[in-house]
Amino acid sequence: MKPHAAFDPTRRGFLRSMVGGSLMYPALFAELLAQDSGRAGLEDPLLPRSPMFAPKAKRVIFLYMSGGVSHVDSWDPKPRLFADAGKTIAVDEFQGRKGDFKMFAKRPQWDFARHGKCGTEVSALFPYMAECVDDLCVIRSMRSDHTNHYEATLGIHTGSFTFARPSIGSWVSYGLGSENRNLPSFVVIAPKTPYAGGQVWASDFLPGAHQGTLVVPGAEPVANIRRRVGTSALQELELAAMAKMNRAHLATRAEDPLLSARIKSFETAFGMQMELPDVFDLSRESDATLQLYGLERGSTKGFAWQCLVARRLAERGVRFVELIDVGSSDNWDAHGDMLTHTPLAKNVDQAVAGLLQDLKSRGMLEDTLVVWTTEFGRTPFNAAADAKGREHHHWVFSSWLAGAGVKPGTVYGASDDYGINVAKDQVHVHDFHATILHLMGLDHERLTYRHTGRDYRLTDVSGEVVQGILA
Amino acid sequence: MASDSRMNRWPMMLWLLAGSLLRTVAEVPKAPHWAFQSIRHPAPPAVTHAAWCQTPLDQFILARLEVRGIQPAPVAGRRTLLRRVTFDLTGLPPTADELDAFVADPAPDAFERRFNRLLDSPQYGEHWGRHWLDVVRYADTAGETADYPVPVAWRYRNYVIDAFNADKPYDEFLREQIAGDILARGGPRDRYAERVTATGFLAISRRFGFDSENYHHLTLQDTIDTLGQSVLGLTLGCARCHAHKFDPVSTPDYYALYGIFESTRYAFPGSEQKQKHRALVPLVPPGESAPRWREFEGRVAALTAELERRKSSAPAAVLRSLDDLDGDFEMQAPAAGGSKGVLVAPWVYEGPISVSTDAQSPFKNVHPGGRVGVSIAAGTHAYRIAQQLNAVRTRESGSKVYVNLDFRVATNTPTSSGVHRFWIGSGPATPAVELLISSQQIALRTGDKSEVLRPLQPNQWHNLRLTLDLGSSTVSGSVGRPGDELSFGEHRLSTAWRGPLDFLAVDGTESKAGGLPAIAFDNLAIQEVPIPAVTTTPSVFAGAGDSGDTRALRQELETLLAEGPFELAYGVTEGTPRDARIQLRGEPDKQGDEVPRGFLKAIGGGPLPKTASGSGRLELAEWLVSPTNPLTARVIVNRIWQYHFGHGLVRTPNDFGLRGQPPTDPDLLDYLATRFVQSGWSIKALHRLILSSAVYQQASLASRPADSRVVLESAEDCPVVATGFAARSRTDSVNADDYGSFPRRRLGAEETRDSILFVTGELDPTPGHGHPFPAPTGWGFTQHGPFSAVYEGNHRSVYLMTQRIKRHPFLALFDGADPNASTAGRRTTTVPTQALFFLNDPFVHATAEHLAARVIARGEAAIPRIRITYRTALGRNPTPVEQVDAVKFLDAYRAALVADGKADPDRVAMAAFTRVLLGSNEFLTVD
């Protein structure tokens with residue numbers, strides 16, 4: 001557990017002269033902490049908690065690609081689809097409608113090749129990530145329940161395809177608390193709003209402390225993180241004055257955690273205000289590191305910035321970091337033309353590969369789980385023979401896991417010859433979630449929360465840990 | 001929390017084990033669950049220290065405290081008490097002057113006069129209405145994938161606020177919210193709008209999917225879930241898919257309720273697939289709405305025609321007609337994402353029908369922009385499509401009704417033949433006029449008389465237009481194709497039909513092996529202005545840029561279309577009454593047995609009475625508020641108690657079922673429920689009872705094992721020491737359920753924001769109305785570009801626009817209500833991002849600066865300024881120590897600013913000082 005950020009000691013004399021007495025803000029805080037130790041009652045929801053069993057991963061970096069990445073153009077090679085392109089395929093459902101449809105097989109846009117020592121095939125869409133396959137467990141048998149973006153996006157984040165429920169990041173925060181009290185336990189870096197909006201990182205019925213803190217790349221990445229008064233000295237004056245008032249208020253009341261928790265929160269906020277900008281300050285990152293991610297010095301744009309900041313958050317003990325590449329429009333939803341995948345892949349490919357390599361070189365990949373996913377794949381076929389794009393396809397798609405506790409350099413599961421259905425070892429979204437929680441030392445069946453008379457969990461009433469993925 | 005849930009398993013397992021042993025060892029006859037038993041009328045128990053008691057309910061509390069040997073807390077100080085009751089009733093702080101006056105008021109009824117004044121203030125409804133809005137998951141948007149705005153939802157919000165202010169009896173409040181549209185028809189006229197508005201309770205049900213009409217079953221589930229939790233304290237949702245695991249709610253019970261709401265027509269908010277709202281409910285009675293519709297339609301038609309003449313563009317109609325039939329069937333259009341492409345309520349249908357693009361009529365005289373219609377395949381043996389009409393017309397009304405229908409009938413196959421029928425009349429089976437359509441010809445039938453109108457061209461679209469003159473009981477019209485229309489003169493309407501005109505249907509039966517010939521229907525319309533002749537060009541042209549008065553014309557049309565002919569509400573009306581079929585495992589495609597509409601059997605409900613003629617909502621409302629219903633009164637008095645004391649006598653206010661917690665004091669709960677019903681379901685009377693109690697007026701102690709030290713809030717307080725009790729022991733455990741002191745609480749999200757606005761003088765105390773949403777004529781929200789906005793304003797926070805898929809940032813940060821599901825009680829979480837709000841948010845800075853500027857503008861010296869700021873923000877004078885500290889703070893702050901060469905150091909320092917007060921625990925907690 002990282003110590004709380006402390007005030008600059010050179011301020012102490014200044015502060016003492018200003019507010020009088022010895023009411024140093026940090027000292028006061030230490031006193032409060034001592035008073036609170038061992039107290040029952042209003043427990044801090046973000047206190048670090050032990051996992052249910054020995055975890056493989058201490059933290060998760062969850063990379064979500066918005067709009068539906070085509071599996072047959074990226075991670076799932078389908079020679080038959082190349083060979084039979086233009087031929088007709090009969091399917092009994094299309095875009096959620098049942099019926100007998102005659103569809104045309106569509107040739108993948110990018111060629112596949114073997115990579116790494118393991119020889120996992122990846123398409124030319126992701127040349128950088130392809131070089132990382134020896135660290136990945138590529139899942140080619142993912143399955144979702146819905147063919148629409150909103151529902152599928154909600155599903156991959158909350159396990160619920162219809163109703164708002166807590167996000168996976170909130171569940172992990174609820175299960176394990178935060179390692180660093182100066183930072184939130186669950187951080188979401190998203191330049192734009194995804195499908196289903198804030199529900200994607202909402203804590204819903206879990207306590208609000210577990211909601212994702214939204215980071216939007218730009219001048220003020222987190223709401224109110226920028227000090228609005230001119231100098232830190234001024235703000236410390238305010239904090240000291242408020243702390244003194246609050247302590248006097250508390251002193252005339254029997255001790256009450258409701259009051260002391262709030263006093264503490266200002267200390268943490270102060271720490272967060274110091275530490276979060278530090279997280280976003282990439283000036284001390286070496287040129288080599290920036291190059292690894294493909295990030296131009298000074299730029300806050302693109303997935304490269306998100307990935308590098310994710311590493312810095314992970315280093316500081318943030319439990320769950322989610323990166324969303326783009327929003328609910330101009331994304332991977334390539335109905336019109338598969339070539340729209342190109343710039344999106346370019347945005348994430350080198351950055352993700354850089355993140356994996358960076359984590360690895362720092363020894364962090366051993367206890368960090370990296371998840372790469374999307375909400376569904378895209379149809380291997382189309383209604384028209386000359387269609388350039390692909391439609392939504394949730395029957396099978398691809399994701400991958402890397403890092404702590406994951407069998408590296410492997411492929412798990414398979415789709416059928418055309419990539420239409422799961423052929424082997426289905427990994428439903430619930431199984432996917434169960435496995436992520438398992439790697440964090442949490443049993444998805446026991447991580448529950450009582451709400452409206454029922455014990456809710458991330459995986460609803462199903463889901464199994466996928467043993468074949470575990471190292 | 002992981003470790004806890006693991007630990008909690010043991011008692012649960014033991015309990016299960018014990019339960020199973022009990023059941024196997026001896027079949028113990030089980031009394032019904034406490035909450036399903038009738039409400040008892042317990043007398044207040046005897047107590048030793050009777051002098052402490054101010055009201056009978058104190059006896060209940062004290063009896064328990066005496067048994068446990070606990071002394072109640074002393075009476076709260078006067079400042080504390082007035083601050084408590086002011087926040088409690090209005091969500092706002094008292095002013096310093098009010099506090100001073102109360103401290104100085106020796107009258108025995110001083111407190112009573114204060115709380116009565118607060119109960120009478122409009123701020124009361126704004127605060128307590130918000131509690132109800134939490135429970136009914138109020139939002140200003142629909143919640144489907146594009147989160148369509150609902151511009152008139154605010155009317156329901158304000159209805160709730162007004163109802164609390166008026167102390168509308170709770171039974172009436174419920175009746176109106178469930179069946180206000182039905183009650184409204186019975187008069188009086190001046191309550192019509194209010195009652196219709198009340199049905200917003202049902203209409204604000206969450207919408208799902210990107211074509212939410214096709215997910216209407218989930219919306220109905222949301223209605224039933226919310227109704228169950230809010231009114232009955234029962235979670236009914238589980239029974240949608242399977243018999244409730246814990247509560248005696250069966251799947252048939254669920255679908256008995258489902259049928260009632262399926263027979264109800266919900267206002268439609270718009271969705272990605274259908275980007276216009278419709279079926280909004282007029283706030284004027286039919287007798288007044290019809291002529292205003294006629295006038296409205298006439299003006300719209302004239303404007304559209306004029307714009308058309310000028311080759312200019314006219315916006316597409318937002319509101320279709322008074323009947324709002326959705327006769328172009330666009331609402332049912334199949335689409336990606338699981339849409340079925342079948343008709344949805346209020347349409348009812350039987351047989352193999354489908355909605356498809358090949359059934360789109362080419363004619364555009366009534367619905368210009370359609371894509372689909374209804375088709376019946378060749379060989380169908382029987383089908384029926386029907387709808388109860390929204391606007392009921394009678395012979396007495398004497399109105400003329402204009403009907404349009406496009407159809408295309410196929411050639412007979414070697415085997416298929418037979419006749420399709422379109423009829424209009426009174427439901428469910430009395431036609432005033434019937435049109436019989438075969439492959440060869442169309443005939444008109446009224447009663448026993450039948451007359452062939454003309455031959456038909458198979459596989460070609462035809463248009464039928466009827467004029468029904470209800471006054472003279474005649475029908476005339478025309479039928480044909482463009483350039484080949486045949487008019488027919490007046491025929492008497494069927495003598496079997498006695499009025500009203502409230503139903504229409506298309507049906508057909510053919511028992512012969514080959515079944516009926518294929519047919520397609522589209523563009524069904526009923527209106528009270530004549531229907532233009534059939535055309536294949538849309539009545540709206542996309543034109544070049546407008547200028548001058550053309551633009552003015554279009555503006556007038558847009559305003560008309562956006563606002564409608566009269567005020568509208570987001571409410572419900574009666575649909576087509578029918579019983580629902582069970583949906584196996586909750587899947588609407590897998591239909592089981594039909595279940596008669598009715599109410600929960602476990603709490604004395606049965607089938608809908610035979611006398612019920614409509615959906616059954618009115619009967620449902622009456623059943624909910626009947627004296628024999630054991631839950632309704634208990635659930636609401638528990639809520640009222642909870643909002644006063646921080647937690648309910650039943651700790652699970654939305655769950656009185658077997659999985660909920662039993663009441664900590666069942667007698668007190670029933671006593672309150674009984675008094676409540678006897679008072680005429682008056683919530684304000686219950687407030688008065690509670691506020692007058694000694695329990696309510698206790699001081700706040702810590703909620704953990706505490707010492708007996710009772711600290712006074714200030715020297716100005718003079719607590720009355722309770723007499724006759726032994727000193728409180730240092731080891732007494734104060735259990736919150738004993739109510740042996742008053743629980744301290746943090747201000748809620750709205751209270752926090754409102755208090756900051758109030759003390760800094762920035763609050764606009766007038767009621768809020770609608771929000772500045774974009775005009776409906778321009779809506780095109782999709783899941784890729786959903787509606788998303790935050791509207792600022794200085795009205796009270798209850799009037800903030802609250803969205804479903806994206807929460808209001810302030811309300812989300814401070815534990816505001818969940819706009820997607822019933823919020824039974826707010827949680828109080830403490831997170832550093834809240835502290836960051838007080839340190840850095842522009843709202844806090846701006847309001848503090850406003851107050852500082854005002855204080856400084858009074859031109860006083862430092863000490864008076866500090867005094868004024870303390871009094872304004874905290875309602876009290878600073879202590880001498882605080883005053884010294886404040887001077888030091890201001891000097892230091894100012895000196896630092898001056899050293900940095902900052903402008904206006906006085907004001908900036910004063911604003912900083914104000915922020916310190918606004919961020920303090922004293923400001924944000926209520927003792």
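# Two chains and a set of crossing helices

Helix 22 of chain B passes helix 23 of chain B in a right-handed crossing. Helix 22 covers residues 842-857 of chain B and helix 23 covers residues 862-874 of chain B. Their axes come within 10 Å and cross at roughly 135°. Angles over 145 degrees would count as roughly antiparallel and 65 to 115 as roughly perpendicular, so helix 22 of chain B is oblique to helix 23 of chain B.

Which residues make this contact? From helix 22 of chain B come Leu851(B), Val855(B) and Ile856(B), and they meet Arg865(B), Ile868(B), Thr869(B) and Thr872(B) in helix 23 of chain B. Sorted by class, the contact has four nonpolar, two polar and one charged residues.

Helix 23 of chain B also meets helix 25 of chain B, which spans residues 905-918. Here the axes come within 10 Å and cross at roughly 35°, and the crossing is right-handed. On the helix 23 side the residues are Arg865(B), Thr869(B), Ala873(B) and Leu874(B); on the helix 25 side they are Met910(B), Phe913(B), Thr914(B), Leu917(B) and Leu918(B). This contact has six nonpolar, two polar and one charged residues. Arg865(B) and Thr869(B) of helix 23 take part in the contact with helix 22 and in the contact with helix 25.

Chain B is divided into domain 1 (1-30), domain 2 (129-283 + 570-624), domain 3 (317-539) and domain 4 (838-926). The C-alpha centres of domain 2 of chain B and domain 3 of chain B are separated by 30 Å.

Chain A has its own assignment, with domain 1 (14-43 + 228-284) and domain 2 (46-217 + 301-469). The C-alpha centres of these two domains of chain A lie 39 Å apart. Domain 1 of chain A and domain 2 of chain A each give nine residues to the contact between them. On the domain 1 side, that contact has five nonpolar, two polar and two charged residues.

The two chains also touch each other.

The last topic is the predictor's confidence. For the complex the predictor gives an ipTM of 0.79 and a pTM of 0.84. Chain A has a mean pLDDT of 88, with 90% of its residues at 70 or more. Chain B averages 86, with 89% of its residues scoring at least 70. In chain A, pLDDT stays under 50 over residues 1-42, where the model has 65 contacts beyond four places in sequence. In chain B, residues 1-28 stay under 50, with 15 contacts beyond four places in sequence. Residues 703-733 of chain B are also below 50, and this stretch has 56 contacts beyond near neighbours in sequence. Where pLDDT is low, the predicted coordinates should not be read in detail.

Key: Residues numbered from 1 in each chain as written. Chains lettered and ligands numbered in written order. Predicted model: local features only at pLDDT ≥ 70, side-chain atom pairs only at ≥ 80, totals over all residues. Domains from an automatic or database assignment. Contact = placed C-beta atoms within 7 Å. Nonpolar A, V, L, I, M, F, W, Y, C, P; charged D, E, K, R; others polar. pLDDT = per-residue confidence, 0-100. Axes fitted to C-alpha atoms, helices over the stretch in contact; angles between N-to-C directions. Helix = DSSP H or I, 4+ residues; strand = E, 2+ residues; numbered from the N terminus. Parallel < 35°, antiparallel > 145°, perpendicular 65-115°, else oblique. Left-handed = near helix turned anticlockwise from the far one by under 90°.
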